[in-house]
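Me: I would like to go through this model with you. Could you take my questions in order?

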Amino acid sequence: MRWIVLPLLVLGLGGCDLARDVFGGAEPAPEPLAAPGPTEAPDTLTGLGSGEQTADALDQTTPDEQRAAATPAAGGSALGMTVASLGNPAESGFWLKTPLVQQESAGRVEYNGQSVQVTLQPLGGPATAGSQMSLSAMRQIGAPLTDLVEVSVFTAG
C-alpha cells in the first residue's frame, strides 16, 4: 500500500511549491527590470488609420509659416491657463481649440518659455475644460505630443 500512496503523493504535489521545497528544484530567475528610458515624446503617432506616421510627415506647415508663428507677438492680454492635448494631427496650421474664447481670434500660447502664435478657436464646455492644440503648434513650443501640457493663453496684441 505504501508503494502506491507514495508515488500518488509525489505526483499530486508535483506542481506545488511544497514539492519544490521538499524535493528541490530551481526557481526561474526573475527578469531584470529595465532601466527607465528618456521621457522624450515619440516621433511616431499611431491610431490614425494608416499605421504609424512620423510627426514630420504629418506636419504640413512650411518653414515660412513656422518662422511666422514663432515670431514673438507684442501685447495682448492673458486669457488664462488651460491643459492642452494634441488635436487632430490631420488638421494643419497653428491653432488652439479652447473654451477660453467665444469666437475665432488671433492669439498666442506659451509653454516652458516658448511661444507660438495661433488662431484661437472656440471649443464648447466650461472654461476649466481642456483644450486641443495643433501638431504644428505643439512642436513649435516643444511640448510632448503624447502628454497633457499646461499652457498660458493670450489674445493677440
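Reply: What follows moves from the overall fold to individual residues.

Me: Before that, what kind of model is it, and how are the residues numbered?

Reply: This is a predicted model, in which local features need pLDDT of at least 70 and side-chain atom pairs count only at pLDDT 80 or more, while totals for chains, interfaces and linings use all residues. Residues are numbered from 1 along each chain as its sequence is written, and side-chain values use heavy atoms, with hydrogens and water left out.

Me: How many helices and strands are there in the chain?

Reply: The chain has 5 helices and 8 strands. Along the sequence the pattern reads α-α-β-β-α-α-β-β-β-β-β-α-β.

Me: And what share of the residues counts as buried?

Reply: Of the 157 residues, 28% count as buried. Buried means under 20% relative accessible area, exposed means over 50%, and partly exposed lies in between, with a 1.4 Å probe and protein chains only. The chain exposes about 10,200 Å², of which carbon and sulfur atoms supply 56%; accessible areas come from the Shrake-Rupley method with a 1.4 Å probe, and for residues only the protein chains shown count as cover.

Me: What about contacts between residues 24 or more positions apart?

Reply: They account for 68% of the contacts in the chain with a separation of 6 or more. A contact means heavy atoms within 4.5 Å.

Me: Which strands make up the barrel?

Reply: It is a closed barrel of 6 strands, running E3-E7-E4-E6-E5-E8 with mixed pairing. The twist averages 40° from one strand to the next, where axes are lines fitted to C-alpha atoms (for helices over the stretch in contact) and angles run from 0 to 180 degrees between N-to-C directions. Two strands pair if DSSP finds at least two bridges between them.

Me: Let us take E5. Which strands does E5 pair with?

Reply: Strand E5 (residues 105-111) pairs in the antiparallel sense with strand E6 (residues 114-122) over 7 bridges. E5 also pairs in the antiparallel sense with strand E8 (residues 149-155), over 4 bridges. Valine 109 has valine 116 as its bridge partner in E6 and stands opposite valine 153 in E8. Glycine 107 stands opposite threonine 155 in E8.

Me: What happens in the loop between E5 and E6?

Reply: The hairpin has 2 residues between the strands. Asparagine 112 is found in that loop, and its phi is near 50°, a positive value in a residue other than glycine. Asparagine 112 counts as exposed because its relative accessibility is 65%.

Me: On to E4. Is the pairing of E4 with E6 parallel or antiparallel?

Reply: E4 and E6 run parallel and are joined by 4 bridges; threonine 98 has proline 122 as its bridge partner in E6. With strand E7 (residues 131-133), E4 runs antiparallel over 2 bridges, and lysine 97 stands opposite glutamine 132 in E7.

Me: Which residues of E4 are buried?

Reply: Both faces of E4 (residues 95-98) are covered, with Trp95 and Lys97 buried on one side and Leu96 and Thr98 buried on the other. In a regular strand the side chains alternate between the two faces of the sheet.

Me: Why does glutamine 121 count as buried?

Reply: Glutamine 121 counts as buried because its relative accessibility is 19%. This residue is in strand E6, and beyond its neighbours within four places in sequence, its contacts include Trp95, Leu96, Lys97 and Thr98.

Me: And where is valine 149?

Reply: Valine 149 is in strand E8 and is buried, with a relative accessible area of 3%. Valine 83 lies 66 residues away in sequence and 5.4 Å away in space, C-alpha to C-alpha. Leaving aside neighbours within four places in sequence, the contacts of valine 149 include Tyr111, Met138 and Pro144.

Me: Changing topic, which charges lie over the face of a ring?

Reply: Lysine 97 lies over the face of tryptophan 95, at 4.9 Å from the ring centre. Arginine 108 lies over the face of phenylalanine 154, at 4.2 Å from the ring centre. The criterion is NZ of Lys or CZ of Arg within 6 Å of the ring centre and within 35 degrees of the ring normal.
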